[in-house]
Amino acid sequence: MKKQLFGSLSAVLLISMVLALYFGAAGFGLSELLGGLTNSPGFEFSHSVIWDVRLPRILAAGTCGVSLAIAGAVLQSTFANPIVDSSLVGISSSAALGGALGLLFSANRNQMLFSILGSVAVAIICVLFLARSKFTGLRFTLFGFALGAIASALLALVTAGSRGANSRSLTTWIFGSLSLITWQAVAILFLALLLGSVFLRNQTHSLDIVSMGLDSARHLGQDTDSKRKIWLLSCLVLIAPSVALCGVIGFVGLAAPHVARMLGAVRHKQLLPVAGLLGAIFVICADTLSRTIAGAFEIPLSITLGLLGAPVLLLVLRGMPND
Amino acid sequence: MINPSGSVQLDNANVVLSNRLILDNISFRADPGSIHCLIGPNGAGKSTLLRVLGADIAGGKLSLSGVDAASASIPELARIRSFLRSNEKPNFPYLIFDVLSWSVSSQDLTDTDSRVQQALAAVGMHGMENHKITELSSGQLTKINIAATILQSSDIIFADEPEANLDPVARKQIWELLRDTKKTLVITTHDLEIVKEFATHITALVDGRIVFSKAIADVTEQEMLEIYQG
């Protein structure tokens, strides 16, 4: 059953990638799409659009989706709380704060590098606070909420304090945008996903146990203090580059794990890959809608994801039993 | 020499939480196989004492099954003692089999299937392994949690009001299941009828101090009631 689910979702992902390649501001027919993909003579324009714009963007969307969904599932288990995602516990917001500061200080020099360094640096502070916390249960979640609220408030302050073009580009980036993605950015996002996955290798069993509660995991012999650090570090690696390069893409980390569980992938060995595939599908579909639905105007990714993801989550809720 | 497996010994525990003295110079002893009930009014320090005895929080010199708890590793402690999980509704829809299999020691995974079946049969829930843990009633969840402690293979079980939120029949069933584990039990409770029926020893606490700690045969009903009357 799990192999069938994985196969079906992989097929849906592939179809969504093909559709995302096909649809865009520059309308292509099927022949232009194929000609552009294979760089046939006479298809130089479609080749350039597909290889320089759409393909890196689709791959970045997919990689971000996988990373954010996996991080969301890991955070929900680390906090033993199903309503947690990276925005709520401050990792995304602190990465966004750092990214915003990086962009402002870059003064148009290598913005990507400054944004990544800023995101990682500030998100590390948040993760250190979380990792060193001795709180468990609801107090740990509320501690994360407080850190998130501080980071969000500081981010709003930085955005409000910026002027002119800086303010506009910050606002566009904060709400999530893949419009400036390059192949270099795709490579960084992919490396971050790879590194995060390496950290999480062999952690699925412990994540299963801790999702029932930190105290109960410790009573079963899990060294939750040191493992909590590994899990939070993995989330930092998965989330910070994604926020730095694509802005805050909300909802995926919350919704994808829930949909995965509804489809039967509950244990982390299945949950992480299935949620990852769902995350990729969500972000690719949302990004395709963002750049096509309103003509030349590109709708910020967070808005599309919220409008697309909330109904999905409501459907999931309908299928869940009441307490 | 007496085999210390299942023994609990705590000396001179003082616990201060949020600048308040919760436990005041507590010493405690439970022999292997005894059923030791901790009673006392709300706020007396019963749950804190239970966590100190289970090496969940530090306080005093603690020995579990003859092992110095302060120098034991987390996996070692898990082999010596288990805590009965509270019957709060779990957040994620794992199968009962999955949840129970986590309690099987990693050195002993070869026969997980049949051990889980046996533990389920022991608590009267045979054939429920493929049900979701989120779909159980409080009573069923407590039974599953008892099955988990049976699988953990430790000699000592700590439980904090295991009968809470259960109807009178289920309360008695849960205590019978716990007694049938034949392990050392240290349990906090407010149910004095249950205490009289199942306990071998009682420790009464008021304001973080032990008022008495003795065998059930030596405790009068009046003594128990006075603990709650102040």
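Residues are numbered from 1 along each chain as its sequence is written, and chains are lettered from A and ligands numbered from 1 in the order in which they are written. Because the model is predicted, local features need pLDDT of at least 70 and side-chain atom pairs count only at pLDDT 80 or more, while totals for chains, interfaces and linings use all residues; side-chain values use heavy atoms, with hydrogens and water left out.

The pLDDT is the predictor's confidence in each residue, from 0 to 100. Chain A has a mean pLDDT of 88, and 97% of its residues reach 70 or more. Helices (H or I, at least four residues) and strands (E, at least two) are DSSP runs, numbered from the N terminus. Among the elements of chain A, the lowest mean pLDDT, 76, belongs to helix α7 (residues 164-174) of chain A, and the highest, 96, to helix α8 (residues 183-200) of chain A.

Two helix pairs of chain A were examined. Axes are lines fitted to C-alpha atoms, for helices over the stretch in contact, and angles run from 0 to 180 degrees between N-to-C directions. Angles under 35 degrees count as roughly parallel, over 145 as roughly antiparallel, 65 to 115 as roughly perpendicular and the rest as oblique. The axes of helix α2 (residues 30-38) of chain A and helix α3 (residues 44-78) of chain A cross at roughly 70° and come within 7 Å. This makes α2(A) roughly perpendicular to α3(A). In contact terms (heavy atoms within 4.5 Å), Glu32(A), Leu33(A), Gly36(A) and Leu37(A) of α2(A) meet Ser46(A), His47(A), Ile50(A) and Trp51(A) of α3(A). These residues divide into four nonpolar, three polar and one charged. Here Ala, Val, Leu, Ile, Met, Phe, Trp, Tyr, Cys and Pro count as nonpolar, Asp, Glu, Lys and Arg as charged, and the others, Gly among them, as polar.

Helix α8(A) packs with helix α11 (residues 224-246) of chain A at an angle of about 170°, the axes being 8 Å apart. The pair is therefore roughly antiparallel. Residues of this contact include Ile188(A), Leu189(A) and Phe199(A) of α8(A) and Trp231(A), Val237(A) and Leu245(A) of α11(A). By class, the contact has 16 nonpolar, three polar and no charged residues.

In chain B, two strands pair if DSSP finds at least two bridges between them. An open sheet of four strands has the order β2-β1-β4-β5 (chain B) and antiparallel pairing. Its edge strands are β2 (20-30) and β5 (67-68) of chain B, each pairing on one side only. Helix α1 (residues 46-53) of chain B packs on this sheet, where α1 touches β1 (8-17), β2 and β4 of chain B; the direction of the helix makes about 125° with that of β1(B). Seven bridges join β1(B) to β2(B), with Ala13(B) opposite Ile26(B) in β2(B). These strands form a hairpin with two residues between them, and Ser18(B) in the turn has a positive phi of about 50°.

A further open sheet of chain B has six strands in the order β6-β7-β8-β3-β9-β10, with mixed pairing. At the edges stand β6 (81-83) and β10 (209-215) of chain B, each with a single partner strand, so one side of each is left without a neighbour in the sheet. Neighbouring strands are turned by 15° against each other on average, direction ignored. Strand β7 (residues 156-160) of chain B runs parallel to β8(B), joined by five bridges, and Asp160(B) has Thr188(B) as its bridge partner in β8(B).

Strand β3 (residues 35-39) of chain B pairs in the parallel sense with strand β8 (residues 184-188) of chain B over four bridges, and likewise with strand β9 (residues 201-206) of chain B over four bridges. Ile35(B) is partnered by Leu185(B) in β8(B), and Cys37(B) stands opposite Ile202(B) in β9(B). Five of the five residues of β3(B) are buried, where buried means under 20% relative accessible area, exposed over 50% and partly exposed in between (1.4 Å probe, protein chains only). In a regular strand the side chains alternate between the two faces of the sheet. Ile35(B), Cys37(B) and Ile39(B) point one way from β3(B), and His36(B) and Leu38(B) the other way.

Asp56(B) lies in the loop between α1 and β4 of chain B and is buried, with a relative accessible area of 14%. Not counting residues up to four places away in sequence, Asp56(B) touches Arg218(A), His219(A), Arg51(B) and Phe83(B).
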